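Please take a look at the model below.

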Amino acid sequence: MVPQQGHSRELFPARKQQPERIIHQPLNKQISMKTEEKKPKDYLILSILTCFLFQWCLGSISIYFSLKTRQLNQANMNDLAEQTSVWAKRLNILTVVLGIGFYLLIITLVFTIKPYSY
């Protein structure tokens, strides 16, 4: 077919070509899906209560481990945070058991010892 004169327009004119955009991305950067890991508990409130209600010496050590757990949680060091969390929990349990035992000992001594009479 021979194009007719005066009708050389195309039905769909070509768009202007824009320069290609090249996106540079470093090759060593890995894209990964972050999963929400469960962070270990720090038992700070329990540590403070055991420090004031039962024994301050073991309670203060458990407060130290609780604060260390919180610090490691913020640094995303979950393995070490889990270990210090376990130590804080164990020290809190030990403090409560020893504190209750001490209170029971004092109560039994108060009620069983008879006052000295002349």
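Asp42 is buried, with a relative accessible area of 17%. Buried means under 20% relative accessible area, exposed means over 50%, and partly exposed lies in between (1.4 Å probe, protein chains only). This is a predicted model: local features need pLDDT of at least 70, side-chain atom pairs count only at pLDDT 80 or more, and totals for chains, interfaces and linings use all residues. Residues are numbered from 1 along each chain as its sequence is written, and side-chain values use heavy atoms, with hydrogens and water left out.

Asp42 has a charged partner. Its side chain meets that of Arg70 in a salt bridge, at 2.7 Å from N to O. The term needs a side-chain nitrogen of Lys or Arg within 4 Å of a carboxyl oxygen of Asp or Glu. The structure holds one such bridge. Arg70 lies in helix H2 and Asp42 in the segment before helix H1 (44-53), so the pair ties together parts that are 28 residues apart in sequence. Arg70 is partly exposed, at 39% relative accessibility.

Next come the rings. The whole structure has four aromatic pairs. Rings of Phe, Tyr and Trp (its six-membered ring) pair if their centres lie within 6.5 Å; planes under 30 degrees apart count as stacked, over 60 as edge-to-face and the rest as tilted. Two of the pairs are listed here.

| Pair | Centre distance | Plane angle | Type |
|---|---|---|---|
| Tyr64 and Phe65 | 5.5 Å | 70° | edge-to-face |
| Phe65 and Trp87 | 6.3 Å | 25° | stacked |

Tyr64 is exposed, at 51% relative accessible area. Trp87 is partly exposed, at 45%. Arg90 lies over the face of Trp87, 5.8 Å from the ring centre. Such a charge has NZ of Lys or CZ of Arg within 6 Å of the ring centre and within 35 degrees of the ring normal. Elsewhere, ring pairs link Phe54, Phe102 and Tyr103 into a cluster.

Now the whole chain. It has three helices and zero strands. Helices (H or I, at least four residues) and strands (E, at least two) are DSSP runs, numbered from the N terminus. Of the 118 residues, 19% count as buried. Among contacts (heavy atoms within 4.5 Å) between residues at least 6 apart in sequence, 62% join residues at least 24 apart.
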